[in-house]
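Please read the points below with the model open beside them.

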Amino acid sequence: MKVLELAGVGKRFGALTALSNVTLDVEEGAIFGIIGPNGAGKSTLFNLLTAIYRWDEGSISIGGLSIAGLSTQRIARLGVSRTFQNLRLFGNASALANVMVGEHVLLEANVLDSLLNTGRERRERTEAEKRARELLRFVGVSGVEEQFARNLSYGTQRRLEIARALAARPRLLLLDEPAAGLNSSEKHELVSLIRAIRDGGTTVLLIEHDMGLVMNLCERIAVLDYGEKIAEGEPREIREHPRVIEAYLGAPA
Amino acid sequence: MHEFLAQLANGVELGAIYALIALGYTLVYGILELINFAHGDVYTFGSFVALGIFVGLRAAGVLHGAGLILGIAAALIAAIIASALLNAGIERLAYRRLRKAPRLAPLITAIGVSFMLENLIELWQGSAPVPFPNVIPNPQLHIGALEVGVQQIVVVALAIVTMVTLHFFVQRSKLGKAMRAVAQDRDAASLVGINVDRTIAITFLIAGALAGVAGFVGGVSFGSAWFLNGFGAGLRAFTAAVLGGIGNIAGAMLGGFLIGMLESFSTWLIGGQWSNVAVFSVLILVLVFRPSGLLGETLPEKV
Amino acid sequence: MIYTYAFVAIAACVAIERFHNRRAKATIVLILAAFLAIAPRFYGNDAVFSVLADAAVYVMLALGLNIVVGFAGLLDLGYAAFFAIGAYTYGMLASPQFGLHLPFWVLLFLAAALAALFGALLGAPTLRLHGDYLAIVTLGFGEIVPQIFQNLTKYTGGPNGIAALDVPTFFGHSFGASVMPYYYIALVGIAAALWISRNLRESRLGRAWMAIREDELAAKHAGIDVLRSKLAAFAIGASFSGIGGVLFAAKLALVSPDLFGFQVSVLIVSMLVLGGMGNIVGVVVGSLLLTIVNSALLPQINSLVDATFHTTVDLSNLHFLIYGAILVGIMLFRPEGLLPNRERRAELHHAGEAAGDA
Ligand SMILES: Nc1ncnc2c1ncn2[C@@H]1O[C@H](COP(=O)(O)OP(=O)(O)O)[C@@H](O)[C@H]1O
Ligand SMILES: [Mg+2]
């Protein structure tokens, strides 16, 4: 079963071609890596998947359903969550509140419930808060529940953002350079965290620069260069692929 | 037809004043992304300074012949200097500290500065409009069916000369290039050795100077100054800047003239009490449907 | 006398912010409520309660605007428009203007509904705008609405407005000339506004607003319906103002377009900024302080100065300077407002166990 299918996708910004003719399938339950030099179009791909931008050519479906014309919010409701290359936390809110926002799509309280603090609102809040605390523990940042997100250390913020994304119980999780700026022990923990996420049933699409980490973690990898997919395969194949070596590994990372 | 031409001339005159004020909004917005809400009050201040000079010189009895020409020049220059310094002072004291603050903080501060200025000008000059001394002769010219005062022509000419000068200054001069660099990317500008603080300060000086010209011109052409003038004129001019495309100098001029026309013709056709509604409707429509204005361009937000 | 009441109320608010303990907070709220309800029997006069009733209306307005600005982060510079809509609802439907004399109590709710409707209608065009542009569009609406009331002379009495509005009745008893009913109604109104504000802040919708305020794009990625959430903020915020407008008009027995200009919107923004945007208790303190300064302190200093120096100084001319100085001073030196947010962390800490603290 394919969670994500891209066929011939192209995206231009004015004269600049950020992506061209990208075709890609991601199997349910995979940890799928996307690598490529800076400016290759990796983040742009994520931005197409979450409808930040509209693509110019091709088609994209999630879970067999075309996402053409769907809004960011609708796509989130289809079970796609993401983190951002440059963190986008709710800085002036507690870590707990950040994660609880992530649970938004799971809750049913409407405006009236919220106004009147009805039983449903209270019940959902209690449950949501409990789940949020568990999630923070799961990503390994318990103890900071009540602190403002902007006051947390960088590594903690990265995990908090993952917790927020997981809070929606996504089917597909998009991680944009989650290891950027982490030290090696933090990277180790990140690897086990991502495995645990996948084992929980979430497909992971991972953009990452750290080749060791990607090779170690991903079952399949696609390589982008100047907006084109120049290779796709298992880590071993990628490592030996001549175009990849030329475009990416050739230059010492 | 006669009335139409008169309204047209009137609109052009109003438009010249709004365009001058609009340039100040556009320059500052271009460089700081701040709506300098107090800009309209800097304009009011310029009017009162010009008025003060006229009153003083008239009392001294020197306003005739060559003395009149010098007097007009003195009033204009005083208005320019006073407004420029006031505007730069506001930037230094109120806005500079907030460059890295959350986005709404500078706007709220600017509204606060505007209220303070309005109140201070009221304390200084009273709450009733103050008439401008009627010292500048205004012979009427007849050009076909069009009847205009020499004053109107001078006012418009002065505004256009100012705007053209500004345009070349920003496009050609070293300072103008620095301004554009800072407007595009403050950090990059600072990396290539541009003094960002100084450039911003100079932008406020220039914007204030333009408000000073407008204050002088507006005072002469409306025949009075009032402590709350800047609120209405400022919002009209801001509307003009947005209509033309904020951050865009040619846009501010275009917008100024269009809003001047709109005010003049809406007053004529549907009554002065609706002209506010007309202008604000334009403001809302532009911001909602084409926030980049007539001459601006939009870029998608980078994520 | 007025200062006694104001002082007690503000002291209680500060204490509520300081204590973390839920029970202590609840106790203070109860004591304050009892004091405000009972003390007027023994202490004070009509003049004092007139000012306090006005203050209470402003507290309601500020709490309403706080939902839009403080919670959802939408700087609304035309909030007075909804105040005007509330006031004119009463002015037009409970006066000789059309010979309609609908009951005050019905109009209270009708005005809330109408204001909410207009809140959503005028909010709708701004939904895709950000920051400054949104602020300026709301300012535009804030200028247009009173102007329309002024121009539609046939229906609204034009620049003079509508006078001789009905005196409300309560189960057949006329309010008469007393201000006490307004005082008590406004107190109940504040209590309701506080309760709703607190509910909202802790709710699913409140978290959605927080997300939109902090990072709209990330909020969308969390599946939040940004447009609907914003509309809800505009509508709910405006409804408070609609109720405030009815109270205001009924008490004054008059509406006129010049009562709802930009300066009123800025006054309410100043109250929020002074107390701390988003901070419910802070907003109450900010609005109390500013109303007391406006309607009690300035006039008193005025007469004191005049009596001492045998002059006629008009300090009521200083309102703009004061609002302006508050906006500038707070933004530059204490952007979190007078009541510091230091306690907020602790307050959040107790959010789980305490659903009942304000
Ligand atoms: N909103 C945008 N407007 C213009 N160009 C953009 C925009 N977003 C990305 N780009 C350009 O598209 C190319 C790919 O960017 P990106 O997807 O961020 O690369 P990366 O692979 O490093 O994540 C870059 O050249 C970038 O400058
Ligand atoms: Mg990237």
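How much area do chain C and chain B bury between them, and what share of it is on carbon and sulfur atoms?

1. Chain C and chain B bury about 3,600 Å² between them, and 80% of that area is on carbon and sulfur atoms. Buried area here is the accessible area, taken with a 1.4 Å probe, that two parts lose on being put together, summed over both. In chain C, the residues that lose the most area to chain B are C:Asp132, C:Tyr133 and C:Ile136, together 20% of what that side buries.

2. A note on the basis of these values. This is a predicted model, in which local features need pLDDT of at least 70 and side-chain atom pairs count only at pLDDT 80 or more, while totals for chains, interfaces and linings use all residues. Residues are numbered from 1 along each chain as its sequence is written, chains are lettered from A in the order in which they are written, and side-chain values use heavy atoms, with hydrogens and water left out.

3. The contact (heavy atoms within 4.5 Å) joins 39 residues of chain C to 43 residues of chain B. Across this interface there are 0 salt bridges, a salt bridge being a side-chain nitrogen of Lys or Arg within 4 Å of a carboxyl oxygen of Asp or Glu.

4. Which helix of chain C gives the most to the side that touches chain B? Helix 6 does, with 14 residues. Helix 6 (131–151), helix 12 (262–275) and helix 14 (319–333) each supply at least two residues of that side. Helices are DSSP runs (H or I, at least four residues), numbered from the N terminus.

5. By class, the side of chain C that touches chain B has 28 nonpolar, 9 polar and 2 charged residues. Ala, Val, Leu, Ile, Met, Phe, Trp, Tyr, Cys and Pro count as nonpolar, Asp, Glu, Lys and Arg as charged, and the others, Gly among them, as polar.

6. The chain is divided into domain 1 (1–44) and domain 2 (48–353), with bounds from an automatic or database domain assignment. Taken over C-alpha atoms, the centres of the two domains of chain C are 22 Å apart. Domain 1 puts 20 residues into the contact and domain 2 puts in 26 residues.

7. The two domains of chain C bury about 1,900 Å² between them, 71% of it on carbon and sulfur atoms. On the domain 1 side, C:Ile2, C:Tyr3 and C:Glu17 lose the most area to domain 2, together 33% of what that side buries. The count of salt bridges between these domains is 0.
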